[in-house]
Amino acid sequence: MLVSFIFVIFIFLSMIAVIVIKGLPGLNWKMLTQTPKSGYYIGGEGGILNAILGSLYLAVGATLLAALISVPVVLFINVYLKKDSWFAMLVRFSFDVLWGIPSIVYGAFGFAVMIFFHVRASLLGAIITVAILEFPIISRVADGILKLVPVELKEVSLSLGATRFETSFKVILKQAAPGILTALLIGFGRGVSDAASVLFTAGYTDSLPTSLLRPVATLPLAIFFQLGTPFAEVQQRGYTAALILILIIFAISGLSRILSKRFHEHILR
C-alpha cells in the first residue's frame, strides 16, 4: 500500500514538474491576452487567448447540455424505478459501456453525424460531441451519489403526499447536490481536456470564438499542433498551453471542494 501511495505521488509530482519547467518560461501576459499573430507558428508573436476561450465555451456548453440529459435520467432510475428493475440495470450497463468507449470514437461518430447533416466543424458540433462524451461520466457518478441518499427520505416524502417529481427535485436532488456538483465538474474537466473528440468536430481557428457555427480553437488541440512543429519556441508554447490547462483543472478541483462543503451544510444526516 505504501509503495502504491509513493508511486501515485511520484507520477503526479513528476508530471506537474515537467509541465511547469517546460511551460513556465513561456507564460506571460501576451500568451494569455492575445491571439496568434502572423508567423506565430514559426516563432512569431501572439498568444493562445483563442484556445483558452474556446475551451471554456466548449466545456461549459457541453457540461450544461450533458447535465440536462444526465440528471433527469439518474433521478428517474433512482426514484421512479425499483432497485431490481431490468430497465435500470440496462441503463446502468449502457453508462458503463459508453464510459469505456475511447474519445476518438466519439469524435468519429460526431464527424459522421455532421457530414450526414451537412454541418461543418464548429463550436456547436464540438459541444454536442463532447456532451455525448460527458453524459455517461456525469450519469454514472451522479447515479452512485443518488444510491447513497437514504431510502427513508424518499419514503417519508411520498408518504406526506409529495409526488415523485416533487420528491426527485425538492428532496433527493437537494440531498445529493454536493455529489451532483462533483459529477458535473468531473465531466467539465474531461470536456475541457479532451482532444480526440474535438479533433474532427471543432476545427481550429486563430480567431476568438464568436459564433456557434464557426470553427473554434481549444487548448488540447493547441498543445497537439504546437508540439508537432520543429520550432523549439513554438514547442515551448505547447507546454505553456498544457500548463494553462492544468491550472484550469486545479481551479475546477478547488472550486468543487469549496462548493461541496457549502452544499454539505444543507444535507440531512
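Trainee: Let me start with charge. How far apart are the mean positions of the positive and negative charges of the chain?

Mentor: In this predicted model, the 20 positive and 12 negative charges have mean positions 2 Å apart.

Trainee: Thanks! And what does the secondary structure of the chain come to?

Mentor: The chain has 11 helices and zero strands. Its C-alpha atoms fill a box of roughly 70 × 50 × 30 Å along the principal axes. Among contacts with a separation of 6 or more, 72% join residues 24 or more positions apart.

Trainee: Let's look at single residues. Is Ala126 buried or exposed?

Mentor: Buried means under 20% relative accessible area. Ala126 has 0% relative accessibility, so Ala126 counts as buried. Ala126 lies in helix H6, which spans residues 123-147. Beyond its neighbours within four places in sequence, Ala126 is in contact with Leu58, Val198, Thr201 and Ala202.

Trainee: Thr129 lies in helix H6 as well. What is Thr129 in contact with, leaving aside its neighbours within four places?

Mentor: Those contacts are Tyr106, Gly107, Gly110, Ser197 and Thr201. With 4% relative accessibility, Thr129 counts as buried too.

Trainee: Now a whole helix. How should I read which way its residues point?

Mentor: An α-helix has 3.6 residues a turn, so residues three or four places apart point the same way. For a case here, take helix H7, residues 151-159, whose buried residues are Leu153, Lys154 and Ser157. Seen down the axis of H7, these buried residues fall within an arc of 95°, so they line one face of the helix.

Trainee: Which residues are exposed on the other side of H7, and what covers the buried ones?

Mentor: Glu152 and Ser159 are exposed on that other side. The cover over the buried residues includes helix H3 (49-80) and helix H8 (164-175).

Trainee: What follows H7?

Mentor: Gly161 does, and its phi is positive, near 105°.

Trainee: Last topic: aromatic rings. What describes a pair of them?

Mentor: Two values do: the distance of the centres and the angle of the planes. Here the count comes to 10 aromatic pairs. One of them is Phe76 with Tyr80, which is stacked, at 5.4 Å centre to centre with 25° between the planes. Phe76 and Tyr80 both lie in helix H3, four residues apart, about one turn of the helix. Phe76 is partly exposed at 35% relative accessibility, and Tyr80 is partly exposed at 36%.

Trainee: And why is the pair of Trp86 and Phe87 classed as edge-to-face?

Mentor: Planes over 60 degrees apart count as edge-to-face. The ring planes of Trp86 and Phe87 stand at 90°, with centres 6.0 Å apart, so this pair is edge-to-face. Trp86 counts as exposed at 62% relative accessibility, whereas Phe87 is partly exposed at 34%.

Trainee: Which residues do ring pairs link into a cluster?

Mentor: Tyr204, Phe224 and Phe225 are linked in that way.

Conventions:
Residues are numbered from 1 along each chain as its sequence is written. This is a predicted model: local features need pLDDT of at least 70, side-chain atom pairs count only at pLDDT 80 or more; totals for chains, interfaces and linings use all residues. Side-chain values use heavy atoms; hydrogens and water are left out. Helices (H or I, at least four residues) and strands (E, at least two) are DSSP runs, numbered from the N terminus. Contact means heavy atoms within 4.5 Å. Lys and Arg count as positive and Asp and Glu as negative; His and the chain ends are not counted. The place of a charge is taken as NZ of Lys, CZ of Arg, CG of Asp or CD of Glu. Buried means under 20% relative accessible area, exposed over 50%, partly exposed in between (1.4 Å probe, protein chains only). The arc is that of the directions from the helix axis to the C-beta atoms. Rings of Phe, Tyr and Trp (its six-membered ring) pair if their centres lie within 6.5 Å; planes under 30 degrees apart count as stacked, over 60 as edge-to-face and the rest as tilted.
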